[in-house]
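I opened my notebook to work through a structure I had not seen before.

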Amino acid sequence: MNAYLARHPRSSPRTSPATPRWPTRPLAGLDQVIRPEDIRQSLTATGRVNKSDCVLTFEVILRVVLAMGLLTDLPIRQVFKHARRLLPGEESPGRSNLCMARRRLGVAPVRHLFGRVVRPLAPPETPGAFYHGLRLMGIDGVVLDVPDSAANAAAFGRPSAGPRGDGAFPQVKKLSLVELGTHVEVAFVVKPCHSDERATVAGLLRHLGPGMLLLLDRAFFSYYRWRQLEARGAKLFARVVRSMILRPVRVLADGSYLAKVYRRPYDRLKDRDGILVRVIRYTLDDPQRVGHGEEHVLITDLLDEAAHPAMELIILYHERWEEELVFDEQKTHQDPRRATKPAQLRSETPAGVIQEIYALSLGHFVIRSLMFEAAATAGLDPDALSFTGCFQILKCRLPECDSKAPASFEAWYRGVLWEMQTERTDPRRNRINPRVIKRKMSKWKKERPEHRHLPPLRKAFPEAVVMRR
C-alpha cells in the first residue's frame, strides 16, 4: 500500500469542502436496506476508526466488501470502482492494496453489521411464512469449497476421499438458521469441514424464541438438543430415524399418537424424564416418488390433533426444503463457480473466507429484502418472485440510482420494486428429484499433495530440450 499512498498522501491538497472525497456513491441504492449509520456504527463499535485522512478508509473498504457480496463476478479492483466513484485524475488502488485493506478491516465490523441489519422480515400476514401464527424457521448446513491455499487448508481442513486421498479443495461447513417464508438467512455458524454440524446448533440457539416453529432434518435430532431448543420457547417439528423407539401412550383421532422420548434405555424402563411428543408415521404409495414404500417418521410438540391435523403437518414439513433453495440461490446464482474461480469462494486466507461469507449473506439479505418489499406491495408470496431475475434487475439498476434528492431516490426505489414484481416464477411442478449426480469418477489421475504448490521451474523450456539421435 505504501506506493499507492505515496501518490495519494493522507492530506490531499486538491480536496476541498467544495469537492468532498466521496462526491457520489454509485451503490447508494443499498442504503434502503443497509443504512450509512449502520455501517458507521459497526465500524465505531469494533474500533475501526481512521485517525487520519486516507483513500482506503475503513468505511470505503467496508463498502467494497459489501459490494463483493453482490458483484461476485468482478475482481476486487472493479468492485472498488463500483463502490467508490473516483475523482478526476485519481488512480484506483491495486489489487494488493485492496487485499491489505481488507485484512486491516478484519471480520469484526462485517459480523457486527450482519447482527445489526439482518432480521426476520415477514409479518403474520405474509403468505407462506407462518403456520397458525408460528413463524416457520429451518436449520440446515452446507459445505463450501475454499481456495487451495496452505492457510485455508490448515484452518479448515480437506475432506477425505478414502483410498483416492484428500479432496481437491479445503472446505468449510456453514450451519444456517433461515426464515423459510422469505428465504432470509437470519444467522449462521462457520466451522472446519471435519466438525460435526449437529454440535454447532448451540451457536444458533439465541436467535430462536417463542412464536417460532422450527423444522429439523433427522440428522439434527437428539434428546439433549430437543431440550435445548424447547427451553428457548420455540415449537419443534422434526423427522427422525425409523428405528427410533416410540411406543404409543395414546392414539389420536387422525392416526398420529403420543409417545415419550427418553435420554437412554434405562430411563425408558423407569419412565423417567421422558419428553412427550406426537408421532406421525406415513408411507408413499406412488412408485414414481423417491421414498416409495419407505416409512417416514415425524415428531412434534404440537400435540393437539384438532388444531394441527396430521395430514396438514405432513405437507407442512416439505417447507423445510426452502432452506435448500437458499443455499442454491447463494451458490448457484449469486456467486457461481466460473473459469476464474474454481472454488466457491475467492479468499486465500481464513479471515478473508469468513469475511466473504458474511458479505455474501448480507448481499443475499439485500436482494431478499427488496424482493420481500416488491412482493408485499403486490400482495404476493415472496416465493412467487424469481431470485435470479430480481438479482439481475438490482445489478442493472444500481448504477442508475440518483441519491442527490429524496424524491429522485424514492422514484428509483419504487421503479426497482415495480420491475421486480414482474419477475414471476412458474408454478412449482409436481416432479421428482432423486439425490444423485451424473459424473462420479474421472478417468484422470487424482490430484494428490505432491501435485500442489509445486516450486518454480529452474530451467526455461529451450534449456530442457535434449535432441535424440
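**Entry 1: a charged pair on a helix**

I began with Arg-227 and Glu-230, whose side chains meet in a salt bridge, 3.4 Å from N to O. I note here that the model is predicted. I looked up where the two sit. Both lie in helix 8, which covers residues 223-231. They are three residues apart there, so about one helical turn separates them. Arg-227 has a relative accessible area of 34%. My reminder to myself: side chains of opposite charge can pair when their charged atoms come close.

**Entry 2: salt bridges elsewhere**

How many salt bridges does a search of the whole structure find? I wrote down 28. I then followed Asp-267. Its side chain meets that of Arg-264 in a salt bridge, at 3.5 Å from N to O. Asp-267 also forms a salt bridge with Arg-272, and there the closest N and O atoms are 2.7 Å apart.

Is Asp-267 buried or exposed? I found Asp-267 buried, because its relative accessible area is 0% and buried means under 20%. Its two partners read otherwise. Arg-264 counts as partly exposed at 43% relative accessibility. Arg-272 is partly exposed as well, with a relative accessible area of 33%. I then noted the wider set. Arg-263, Arg-264, Asp-267, Arg-272 and Asp-273 are linked in a network of salt bridges.

**Entry 3: aromatic rings**

I turned to the rings. The structure holds eight aromatic pairs. I picked one of them, Phe-114 with Phe-188. Their ring centres are 5.2 Å apart, and 70° lies between the planes. The pair is edge-to-face, because the planes are over 60 degrees apart.

Which parts does this pair tie together? Phe-114 lies in helix 6 (residues 108-117), and Phe-188 lies in strand 4 (residues 184-192). So the pair ties together parts that are 74 residues apart in sequence. Both Phe-114 and Phe-188 are buried.

**Entry 4: Gln-421**

I looked up Gln-421 next. It lies in helix 14, residues 406-421. Gln-421 is buried, with a relative accessible area of 17%. What does Gln-421 touch, not counting residues up to four places away in sequence? My list reads Ala-374, Thr-377, Ala-378 and Leu-385. I looked again at Ala-374. The backbone oxygen of Ala-374 lies 3.3 Å from a polar atom of the Gln-421 side chain.

**Entry 5: a nonpolar patch**

I finished at the surface. Val-249, Leu-276 and Leu-303 make a nonpolar surface patch of about 230 Å². I checked Val-249 by itself. Val-249 is found in strand 7, residues 248-251. Is Val-249 buried or exposed? I marked Val-249 as exposed, because its relative accessible area is 54% and exposed means over 50%.

Definitions and conventions: Residues are numbered from 1 along each chain as its sequence is written. This is a predicted model: local features need pLDDT of at least 70, side-chain atom pairs count only at pLDDT 80 or more; totals for chains, interfaces and linings use all residues. Side-chain values use heavy atoms; hydrogens and water are left out. Helices (H or I, at least four residues) and strands (E, at least two) are DSSP runs, numbered from the N terminus. Buried means under 20% relative accessible area, exposed over 50%, partly exposed in between (1.4 Å probe, protein chains only). A polar contact is a pair of N or O atoms within 3.5 Å; within protein, one must be able to donate a hydrogen and the other to accept it, and residues adjacent in sequence count only if both atoms are side-chain atoms. Contact means heavy atoms within 4.5 Å. Patches are made of residues with over 30% relative accessible area and no salt bridge: like charges are joined within 9 Å, nonpolar side chains (Val, Leu, Ile, Met, Phe, Trp, Tyr) within 5 Å. Accessible areas come from the Shrake-Rupley method with a 1.4 Å probe; for residues, only the protein chains shown count as cover. A salt bridge is a side-chain nitrogen of Lys or Arg within 4 Å of a carboxyl oxygen of Asp or Glu. Rings of Phe, Tyr and Trp (its six-membered ring) pair if their centres lie within 6.5 Å; planes under 30 degrees apart count as stacked, over 60 as edge-to-face and the rest as tilted.
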